Each structure stands twice: as structure tokens, then as C-alpha cells.
Amino acid sequence: MRRMGLCNRLRPEKADEYKALHAAVWPGVLATISACNIRNYSIFLREPENLLFAYWEYHGEDFAADARKMAADPATQQWWRLTDLCQAPFESRAEGENWAVMDEIFYHP
């Protein structure tokens, strides 16, 4: 199992929309997340800074393949079109990332 943390920013004017979307995530999107071996997926919001932090546990064998599978799903693509408009990604993120991947520096089981 691999723990993963990511960060992003939320556009202040889109905060209510983003919260409403995540209060009723589409069943197809949730099914794809599970099918791609992601468990214990949480998104946290720190206001008023509008900092988003996402955490999940990856239980698969090939994250790159599962990420491609997720990105190919039509419902997930539509979901991302809505949620991406609410986000203001960090300039320092890696090429091709919307959410900036974070390094784990501490873990206590």
C-alpha cells in the first residue's frame, strides 16, 4: 500500500460550488476511484487560505496504469471538467499535474 498526498488551491469564488460537488460525488466517479485501487480518499479544505489537501491509499501494483485508466473514464473526465474550473493549481507543480504531489516526510503507524 502506498500513501499519497497532494495539494492544490481553491478559487475563492468557486468554493461553494466545489463543496456542493463533493457533497454529492457521482456514483460512476466513485466506482472508478475504487476500480483504480484507491482507498481512503479524503480531500481537506483550509479556509480562508483556500488550500486543498488530498490523501489516499493506493493498493494496486501499477499506479501509472491505474491513473491512465481513471483518466480514460468518460464520467471522470466530465467530473474533472467541472472541478478543475474551481481549482487554482500551484505554479510549482510538475508537468501534466493539476494537483501537486507531495513527499511524505513522516509516518507513524
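The structure holds 5 salt bridges, a salt bridge being a side-chain nitrogen of Lys or Arg within 4 Å of a carboxyl oxygen of Asp or Glu. The model is predicted, and local features accordingly need pLDDT of at least 70, side-chain atom pairs count only at pLDDT 80 or more, and totals for chains, interfaces and linings use all residues. Residues are numbered from 1 along each chain as its sequence is written, and side-chain values use heavy atoms, with hydrogens and water left out.

Among the salt bridges is the pair Arg 9 and Glu 91, whose side chains meet at 3.4 Å, N to O. This pair links distant parts of the chain, 82 residues apart, with Arg 9 in strand β1 and Glu 91 in the loop between α4 and β4. Helices (H or I, at least four residues) and strands (E, at least two) are DSSP runs, numbered from the N terminus. Arg 9 is partly exposed, with a relative accessible area of 26%, whereas Glu 91 is exposed at 66%; buried means under 20% relative accessible area, exposed over 50%, and partly exposed in between (1.4 Å probe, protein chains only). A salt bridge also joins the side chains of Lys 14 and Glu 17, at 3.3 Å from N to O. Lys 14 is partly exposed because its relative accessible area is 23%, and Glu 17 counts as partly exposed at 33%. In the salt bridge between Glu 49 and Arg 46, the closest N and O atoms are 3.0 Å apart. Glu 49 has a relative accessibility of 47% and therefore counts as partly exposed. Side chains of opposite charge can pair when their charged atoms come close.

The loop between α4 and β4 also holds Glu 95, which is exposed, with a relative accessible area of 83%. Glu 95 and Gly 5 are 90 residues apart in sequence, and their C-alpha atoms are 17 Å apart in space.

Pockets were identified on a 1 Å grid over the protein atoms alone: a pocket is an open set of points where a 1.4 Å probe fits, with protein on both sides within 12 Å along at least five of seven lines, and lining residues have an atom within 4 Å of a point. Grid points are joined across faces, edges and corners, and a volume is the space filled by probe spheres set on the points. The largest pocket has a volume of about 820 Å³. Its lining comprises 31 residues, of which Tyr 41, Trp 56, Met 70, Trp 80 and Trp 99 are the closest to the pocket centre. Two or more lining residues are given by each of β1 (2–9), α1 (15–23), α2 (27–35), β2 (38–46), α3 (63–72) and α4. By class, the lining of the largest pocket divides into 20 nonpolar, 8 polar and 3 charged residues, where Ala, Val, Leu, Ile, Met, Phe, Trp, Tyr, Cys and Pro count as nonpolar, Asp, Glu, Lys and Arg as charged, and the others, Gly among them, as polar.

The second largest pocket has a volume of about 190 Å³. Residues lining this pocket include Arg 2, Arg 3, Tyr 55, Asp 103 and Phe 106. At least two lining residues are supplied by each of β1, β3 (51–58) and β4 (100–102), with β1 providing the largest share, 4 residues. The lining of the second largest pocket has 7 nonpolar, 1 polar and 4 charged residues.

Thr 76 lies in helix α4 (residues 74–84) and counts as buried because its relative accessibility is 2%. The side chains of Thr 76 and Asp 73 are joined by a polar contact of 2.7 Å, a polar contact being a pair of N or O atoms within 3.5 Å; within protein, one must be able to donate a hydrogen and the other to accept it, and residues adjacent in sequence count only if both atoms are side-chain atoms. Apart from neighbours within four places in sequence, Thr 76 is in contact (heavy atoms within 4.5 Å) with Val 29, Thr 32 and Met 70. Thr 32, placed in helix α2, is buried at 10% relative accessibility. With neighbours within four places in sequence again left aside, Thr 32 is in contact with Met 70, Asp 73 and Thr 76.

Backbone geometry was also examined. The peptide bond from Glu 47 to Pro 48 is cis, with omega near 10°, and Pro 48 is found in the loop between β2 and β3. Asn 50 is found in the loop between β2 and β3 and has a positive phi, near 60°. Asn 50 counts as buried at 10% relative accessibility. A positive phi, near 50°, is also found at Asn 40, in strand β2. Most residues other than glycine have a negative phi, and most peptide bonds are trans.
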